[in-house]
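User: I am new to reading protein models and would like to go through one by question and answer. Please keep the answers plain.

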Amino acid sequence: MSHIIIITILSLGVLALLAAIILYFIAQKFKVYEDPRIDEIQAILPGANCGGCGFAGCRAFAEALVRAESFDGLNCPPGGADVMAEAARLLGKEAPEVDPLVAVLKCNGRPEYRPLTSFYDGVPDCRIAHSLYLGETDCSYGCLGKGDCVRACPFDAMYMNSETGLPEIIDDKCVACGNCVKACPRNLIELRKKARKDRKIYVACSNCDRGGPARRACRVACIACMKCVKVCKFDAITVENYLAYIDSFKCTLCRKCVAECPTGSILEFNFPPRKPAAEVTSQTIKVNPEV
Amino acid sequence: MKTFPLGGVHPPENKLTAGIPIRYLPIPPSVAIPVTQHIGSPSEILVKKGDMVKTGQIIAASKGFVSANIHSSVTGVVNKTDSVIDASGFRQTAVFIDTTEDEWLETIDRSSEIITEIKYSPEEIIDKCLESGIVGLGGATFPSHVKLSIPRGKRCDVLIINGVECEPYLTSDHRLMLERSEEILVGITILMKALRVTQAMIGIENNKKDAIARLTGLSGKFPGISIHGLKVKYPQGAEKQLIKALIKREVPSGRLPLDVNTVVHNVGTAFAVYEAVQKNKPLFERVVTITGKSLASPGNYFVRTGTSVRYLIEAAGGVPENTGKIISGGPMMGKAVSNADVPVVKGTSGIVLIPEEESSRSEMTPCIRCAKCVSVCPLNLEPYLLMTLSEKGEFERAVAEGITDCMECGSCSYCCPAHRPLLDYIRLGKSLAAKMARKQMVK
Amino acid sequence: MSNLLKVSLSPHIHGKETTRKLMHGVIIALMPAFLASVFFFGYGAIIVTTVSVASCVLFEYLIVRFVFKKTLTINDGSAFLTGLLLAFNLPSNIPVLIIVIGSFVSIAVAKMTFGGLGNNPFNPALVGRVFMLISFPVQMTSWPVPAGFQTGYSDAVTGATPLAIIKEGIKNGEPVSQLMSQIPPPSQMFLGDIGGSMGEVSAFFLILGFIWLLYKKIITWHIPLSIILTIIVFTGTFWLINPEKYADPLFHILAGGVLLGAIYMATDYVTSPMNPKAMLIYGCGIGVLTSVIRIWGAYPEGVSFAILIMNAFVPLMNRYIKPKRFGEEIKNG
């Protein structure tokens, strides 16, 4: 009995040894030389493979960093300045200063502002709804609310708000990778400069129709009245195609335009309440007049 | 009995209006005539606010090669040019006209006499089609003068006339063939002359036996025209399928019927050509079937273009309480409209009202790989695969699998036991793949 | 406008077919064969079927409910069908516990680990059966002799199946003509009065179900006929060469699970190819493998293995064997 066991062990052992030797030689033969620094850099990258850098995943970005002459134009949005500084230190290069960004939705078409005019009964996919028709409301520019951006977000930084029917962005989680920007068929999401305490001022509208039709479709649409342009002292606001735009790099967050906007399409977030309370109430009444 | 060989489905016919003669719809108090009623670029508007226009007067001129003239369908005053949501679901420019007393252009022959003698040369016929804004009335609205001008090096030996009307519910072509049979046959003769062919074949599905009998009875007077009954199967009315069924030629993928030496026109187009050439009447009205299971009085109407669908439905008894969907076109390929105020255009062959309980889609369940979509696809594509590929964004492979060949007949979605939205995703894939191809061209 | 219009892409109507109806169609098609097996094997058939179906449905329910955490798929009839097919592949006297284990392998391992209905590469019922055959060879190959309701369940009289008789005999060098006298005549085999798995014995009732499936357009003829024809051609060739060493094709078709496999198992939607051309190749592959296993293999029966092996090739076939598209241009043209 025992000799059977010995023979079995021996024969299997010899087989294993043979296989190991063959494998070793094959591995040697087909070995591909790779810069060891690529591995090092990859190790410090976040590893989310979000594609925010514009490369196909973290590995590709690490290769690009190692190959790059300078770090200009290369940035890892989720990793931010820390990761880029670390990578620069490892590779002995200089990491340029890049402003952190955050995504915002340029539409505020809640159902109470933007009445439904039809019911979309197809696949919950914005791209399909967008190619089919105007959308469930008369605004052909606004959010379709089918959540393509939420599905595209690799960081769980977005969710659909069931009350407003619009996606919400969680500022703390958003790393500005830009996947939602690409996913939105109506280009409603913009990456804007992140300000102190997550303060934000932006035009929450993308409607390029003239004032009348835009307003008929949605009460909080930008009607291109130019009031904000006039009130802005920093030349941060421009109006093009009947739509105002606030440049986040020029905006000083003075909040003058917010108060001036007659339709309430300019939104402010994370600011302390305004001092004269009376003014606020008068503004809100102006902001949402009954249609 | 002839039919096309691959795939196909048999949706319930529901031809509720097959026995109802065509009536004239009263002229509405105002019309909105879109300037894009054809594939191709929008026509250029020739009128301005406050202008008086007569019925049949040109209001927008064809701009570019694949474009068509647009004529006023009513007499009245131009109110404005503004955007209107049309049946395609998008906004586009339209001329709004408030109607007054109906007064036609003097050049139009309004007598009911049928003129059989054709005294025009092929070039003159093509010019008349161009002037009168004739487009394919089967739904594709391809300008007819383009189809009639055969490019150098191509040859056409047989004209095929599409009287299949394979969409459920619709009966406009059927009624037209019954009631305007002789005009249609003259129209076909005109088309034959323009194309310089001696042979024309009319394909009609066998569920329209009365139309087949009537046309066959009259066709003796018109040399070269033969009528062929076809086995009922959807989508027989698709150009390539009809060619295959009638003359056994297979149009190569990505090519036109002219590549197999034939041209296909719809019976409605043949009638419009007759009116344009023999009566000088531009295309500003067409037969529209207004139908639906809960509609009070469905029917077939001659409707002026620009009439709102709501006005048409009012004439047929008003929008029923339980309406869930209004479809412009047939239920297999038509478009659901987002509101009833869209205008009737040259390509509107019917308006179908689907009751609430039949309008909702069922919940999608996992694909069980039953291969029914593959077996019903008239082009032998693999819809299940194309759907997955476009869902996952693999457009390059989707193109390799023939996604651009898909003609969107909807047979796959119709038969899918798991209620998967196959065509929705295939359409998406098609449009994105086309966009990608354009980008590469630019590069 | 209070009543909003619905908007979606065409088509706006849908055929009446659903996954559930298709599954129920197959179950109905299996009913005659089930009744036949009750007639031949008595209570055992009812017990085996009930346990198998109940445990398959239960496992599916538990997994969907507690692992996937979804509320779906249990009423589509697919688990019921798997249970039924699994039972058809078992002897009518197999212990209950073994059936439960087999059902678990079918549903939990072969189906749900891949994501449930529509995603499993291998036929769940066959995976369950092959697992049981390898794990419990004695219980899986002691076939009760059909004796109606006298068969009994745990105390059934068992005997060898015709396939086993032939296999053993040929191995021992006995001529086929002599062996044939030990097995029932073709007419008896056609009706199903022979030993074997409870659902596979009655060729007549299985073919009855086949006609129903074809009539209802639930399956196409491609897979079953290509399997059967291949087996006839393959075994027929050897039979013509030496009728004393090889059994005749009619015997091969009627004995064992060829008909059950060809009509109901190989045609399983999920694990069979998606176009007619690939279906024919798939069927031929199963036919050849079945014959090879039966003639030269260690097991007397090879249908289950043949189907599972060909299942593995299905993704490959779907990828490379394409239907000729309409208007596809010939390359050299």
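User: Where in chain A is the place of Asp235(A)?

Analyst: The model is a predicted one, in which local features need pLDDT of at least 70, side-chain atom pairs count only at pLDDT 80 or more, and totals for chains, interfaces and linings use all residues. Residues are numbered from 1 along each chain as its sequence is written, chains are lettered from A and ligands numbered from 1 in the order in which they are written, and side-chain values use heavy atoms, with hydrogens and water left out. Helices (H or I, at least four residues) and strands (E, at least two) are DSSP runs, numbered from the N terminus. Asp235(A) is in the loop between helix 9 (227-231) and strand 7 (237-240).

User: Is Asp235(A) buried or exposed, and what is its phi?

Analyst: Buried means under 20% relative accessible area, exposed over 50%, and partly exposed in between (1.4 Å probe, protein chains only). Asp235(A) has a relative accessible area of 60%, so it is exposed. Its phi is positive although the residue is not glycine, with a value near 55°.

User: Asn380(B) also has a phi to look at. Where does Asn380(B) lie, and is it buried or exposed?

Analyst: Phi of Asn380(B) is near 60°, again positive in a residue other than glycine. The loop that holds Asn380(B) runs between helix 10 (372-376) and helix 11 (383-391) of chain B. Its relative accessibility is 15%, so Asn380(B) counts as buried.

User: Which residues does Val35(B) contact beyond its neighbours within four places in sequence?

Analyst: Val35(B) sits in the loop between strand 2 (30-34) and strand 3 (44-45) of chain B. With a relative accessible area of 5%, Val35(B) is buried. Contact means heavy atoms within 4.5 Å. On that basis the partners are Pro42(B), Ser43(B), Ile45(B), Ala60(B), Ile70(B), Gln92(B), Thr93(B), Ala94(B) and Val95(B).

User: Which residues are joined by a cis peptide bond in chain B, and which in chain C?

Analyst: In chain B the loop between strand 11 (225-230) and helix 6 (239-247) holds Pro235(B), and the cis bond there joins Tyr234(B) and Pro235(B), with omega about 0°. In chain C, Pro11(C) is in the loop between strand 1 (6-7) and helix 1 (19-41). Omega is near -5° for the cis bond from Ser10(C) to Pro11(C).

User: What is the strand order in the open sheet of six strands in chain B, and which strands stand at the edges?

Analyst: Two strands pair if DSSP finds at least two bridges between them. The open sheet has mixed pairing and the order 1-14-13-17-15-16. Each edge strand has a single partner strand, so one side of each is left without a neighbour in the sheet; the two are strand 1 (22-24) and strand 16 (335-336).

User: What is the radius of gyration of chain A?

Analyst: The radius of gyration is taken over C-alpha atoms, and the globule rule is 2.2 Å times the number of residues to the power 0.38. The C-alpha trace of chain A spans about 95 × 50 × 35 Å along its principal axes. A compact globule of 291 residues would have a value near 19 Å, whereas chain A has 27 Å.
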